[in-house]
Amino acid sequence: MARLREYDALERKLRCADASVLNEVSDDDDGDQKAELTWASPGLTMDERRRLYENQEEIRKHEAATLGDGTSESDAKEGDNNGEEEDESKEKDGDTLAVIEQIIKLSRSFVSKEESVEEVRVSFGILNHGIRALSRSSKRLLPAVAQLWPALQPHFQFYGGAGSGGMAKRMDTEAQVLMGNALFKGALEVLETLSNACPDFLSRRFSKGVWRSLRKLLLAEPSPPNRKSQELAYGTLQTLITEVPTLMKPILPEVVATCYRVITSPADTTKDG
């Protein structure tokens, strides 16, 4: 309250000073310049300018002291507004990330549905987008991926002579081979997305689990049920070596040796059909 009274007194003092100077320098009594008169106004003597300047500086210093941080009142209000907007934006962003985290966790039940190829394929697409969106918050991403991984891992399995992927156990027809390859491709795309989003989390799981299945597939006979899956696996390994070298470093010699063995092996002469 004392500061407010002091501020009011200073403001009255400035208004009186402005009025005094205006009466001295104005020939026409229109009063229009009263509110606009400052130390920089034309037609003032040096003493008049000094007096106005000192009064205005006194008001400015008092405003800065009242606010406590040297900023003007308008700057302080603008800062408060910006802070409120930033808090609101963070709150909305947190709500969005929470929804994405929940979607990733719920997707595991759809990924496990081997009887519904279309649901699994759609789930893979949702996971790719969700993991990328959640990658900026490892606190949310890692628990969600930890819950997802057991449902995702079977899609990388190789069942010896019957192709690869979660559908491979019952690949008897060409249509089933195509479906299995489609799911395998989707699973590998999710693997690439995870490798970029959380390589440290995936490192041991990849080298101890996924890589063993992919190596088994690559070294299998390049029969029609296997050939497309082998091509997909080879392409994914190339991508991971280029984009996520830290993930591949522990097993890089073995990966290179396996891939070299594949590309230098005699061409398969088996004819489809």
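Arg 108 touches Gln 147, Leu 148 and Ala 151, with residues up to four places away in sequence not counted; contact means heavy atoms within 4.5 Å. Arg 108 sits in helix H3. Helices (H or I, at least four residues) and strands (E, at least two) are DSSP runs, numbered from the N terminus. Arg 108 is partly exposed, at a relative accessible area of 36%. Buried means under 20% relative accessible area, exposed over 50%, and partly exposed in between (1.4 Å probe, protein chains only). In sequence, Arg 108 and Val 145 are 37 residues apart; in space, their C-alpha atoms are 9.5 Å apart.

The model is predicted: local features need pLDDT of at least 70, side-chain atom pairs count only at pLDDT 80 or more, and totals for chains, interfaces and linings use all residues. Residues are numbered from 1 along each chain as its sequence is written, and side-chain values use heavy atoms, with hydrogens and water left out.

The chain contains ten helices and zero strands. From the N terminus, the order of elements is α-α-α-α-α-α-α-α-α-α. Of its 273 residues, 34% count as buried. Among contacts with a separation of 6 or more, 62% join residues 24 or more positions apart. The chain exposes about 16,500 Å², and carbon and sulfur atoms supply 51% of that area. Accessible areas come from the Shrake-Rupley method with a 1.4 Å probe; for residues, only the protein chains shown count as cover.

The largest nonpolar core has 44 residues. Such a core is a set of buried Ala, Val, Leu, Ile, Met, Phe, Trp, Tyr and Cys residues joined through side-chain atoms within 4.5 Å. The residues with the most contacts inside this core are Phe 124, Phe 156, Leu 191, Leu 194, Phe 206, Leu 214 and Leu 237. At least two core residues come from each of H3 (73-111), H4 (117-134), H5 (138-152), H6 (174-197), H7 (199-218), H8 (224-243), H9 (245-248) and H10 (252-264). H7 gives the largest share, eight residues. In soluble globular proteins, nonpolar side chains tend to be buried together.

Phe 124 belongs to helix H4. Its relative accessible area is 2%, so Phe 124 is buried. Beyond four places in sequence, Phe 124 contacts Val 111, Leu 152, His 155, Leu 183, Gly 186, Ala 187 and Val 190.

Val 210 lies in helix H7. At 1% relative accessibility, Val 210 is buried. Val 210 and His 155 are 55 residues apart along the chain; their C-alpha atoms are separated by 9.5 Å.

H8 has 20 residues and reaches 30 Å from its first C-alpha to its last, close to the expected 28 Å. The expected span is 1.5 Å times one less than the number of residues. Buried residues of H8 include Asn 226, Ser 229, Leu 232 and Leu 237. The buried residues of H8 pack against H6, H7, H9 and H10.

The axes of H6 and H8 come within 10 Å and cross at roughly 10°. Axes are lines fitted to C-alpha atoms, for helices over the stretch in contact, and angles run from 0 to 180 degrees between N-to-C directions. H6 and H8 are therefore roughly parallel (angles under 35 degrees; over 145 is roughly antiparallel, 65 to 115 roughly perpendicular, the rest oblique).
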